[in-house]
Amino acid sequence: MNRLVLLGNGFDLAHDLPTSYEDFIFNYTIEEIRRRLNRERVNNFKDLFNLKILHNPNLNRKNISISSSLFQVKSKNDLIDFVTTYFTLNEVNHHSDINKGKLTFFNYTNHFAKNLVVENNGSNWSEIEAFFYKKLIVESGVKNFKNIDELDKIRYITDVKRLNEGFEKVKLALEYYLTEYVENKFKFKPHQKFIDILTGDKDTKSMCLLNFNYTKTPEMYLPYLQKNNPTQLINIHGKLNDDKENPMIFGYGDRDDKMYAVFEEFNEISLFDHIKSFGYPKARSYRNMKKFADEGKYEIFMIGHSCALSDRTLLKYLFENKNCASIKIFYREGKDLDSSRNNHNNTTRAISRHFTNKVDEDKMVNFLDSEPCPQVQLKEIT
């Protein structure tokens, strides 16, 4: 039997890499603010908010020093308070009544980026993609599109294009962050615990690592796995800094959602700019994945993937495929048995949403025959 290993963000986190959504949004926001305060210009740095300083707070002793306040930002809640206090959208005059009494020092243009910091309570990337999709539904007005006139439709589409531009900036900023603060900062060396898990049964005919991340973490395991079985790596969501061969795919991927059918009826191409299904044809990855799935029986190993609806179209194809024999979860281990079970249970519930035929849920391996995901640590480059 073949083996298909699905690697989600939890795989990177299990190597102690700072690749979570909170790692990115917290560190990158602080970095952008510092650059603006220090008037720094760095080549290739991708401005997330596109901040402009309204005035120098240090010239007004009655105001709180923004520099000293910045160093008090130690948590996500601190960051929310900071952004809410000091940021103002460029479309609002900072001398107007709406900003009276507020210490607004930064003008910004990317409204969606601020939404991510202030409004979104999600903790993983799939929730960020779902947050974008919800915003897309609201901004497009598709829920009521049959009752809007052409002028209103133009306004809605303008809002959609602005949302897409903001989301694209988030993607570019993420690419920069993962390149500079992860791939260029850590020594990538494979760990024996993961080699043992991925190798598993020596009778496996062939293996495919289906990487949903953008980092090179799986690459370091290939030479060791290929000693035992033919193994290929498919970066299904693209690679960093590879716009020609395998560009990053970042967006939403549930074409079974009821609002998706309304999008199609709305007949506006900009609604599909960040729908994953239209990113896959830009590379060979999706076709190679289907080829592996269709060539023979396979078992699925789930490592660090949340199985959220943002990848539903793809996961549904893999889970319901007649060649899929079983789905084994490598769960995040808690401090006690209940915590371990809860993580496994939550993942099985997430997986079940991808099955049309609920009989196929029997493919999921029970908790007692599952295994915890190892937690290892990669060293930083000194």
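The legends below describe close-up views of a predicted model. Local features are given where pLDDT is at least 70 and side-chain atom pairs where pLDDT is 80 or more, whereas totals for chains, interfaces and linings use all residues. Residues are numbered from 1 along each chain as its sequence is written, and side-chain values use heavy atoms, with hydrogens and water left out.

View A. The largest pocket holds about 900 Å³ of space, where a pocket is an open set of points on a 1 Å grid over the protein atoms alone, with protein on both sides within 12 Å along at least five of seven lines, and lining residues have an atom within 4 Å of a point. Grid points are joined across faces, edges and corners, and a volume is the space filled by probe spheres set on the points. Of the 39 lining residues, Asn9, Gly10, Gly304, His305 and Ser306 lie nearest the centre of the pocket. At least two lining residues come from each of helix H1 (9-13), helix H6 (125-140), helix H7 (150-183), strand E7 (298-303), strand E8 (324-331) and helix H13 (337-352); helices (H or I, at least four residues) and strands (E, at least two) are DSSP runs numbered from the N terminus. The lining comprises 15 nonpolar, 19 polar and 5 charged residues, with Ala, Val, Leu, Ile, Met, Phe, Trp, Tyr, Cys and Pro counted as nonpolar, Asp, Glu, Lys and Arg as charged, and the others, Gly among them, as polar.

**View B. The largest cavity.** The count comes to 1 cavity of 30 Å³ or more, a cavity being a set of grid points where a 1.4 Å probe fits but cannot get out. The volume of the largest cavity is about 40 Å³, and its lining residues include Ile236, Pro247, Tyr280 and Lys282. By class, this lining divides into 6 nonpolar, 3 polar and 1 charged.

View C. Asn213 sits in the loop between strand E5 (207-211) and helix H9 (222-225) and is buried at 6% relative accessible area (buried means under 20%, exposed over 50%, partly exposed in between, with a 1.4 Å probe and protein chains only). Its side chain reaches the backbone oxygen of Gly8 at 2.9 Å and the backbone nitrogen of Asn9 at 3.1 Å. Leaving aside residues up to four places away in sequence, Asn213 touches Leu7, Gly8, Asn9, Phe11, Asp12 and Gly238, contact meaning heavy atoms within 4.5 Å.

**View D. Stacked rings around Phe167.** The model has 31 aromatic pairs, in which rings of Phe, Tyr and Trp (its six-membered ring) have centres within 6.5 Å, with planes under 30 degrees apart counted as stacked, over 60 as edge-to-face and the rest as tilted. Phe132 and Phe167 are stacked because their ring centres are 4.0 Å apart and their planes lie at 25°. Phe132 belongs to helix H6 and Phe167 to helix H7, so this pair ties together parts 35 residues apart in sequence. Phe167 also forms a stacked pair with Phe250, at 4.8 Å centre to centre and 10° between the planes. That pair links helix H7 to the loop between strand E6 (231-235) and helix H10 (258-266), 83 residues apart. Phe132 and Phe167 are buried, as is Phe250.

View E. Asp16, in the loop between H1 and helix H2 (21-37), has a positive phi near 65° and is partly exposed at 41% relative accessibility. Asn50, in the loop between H2 and strand E2 (52-53), has a positive phi of about 55° and is partly exposed, with a relative accessible area of 21%.

Definitions and conventions
A polar contact is a pair of N or O atoms within 3.5 Å; within protein, one must be able to donate a hydrogen and the other to accept it, and residues adjacent in sequence count only if both atoms are side-chain atoms.
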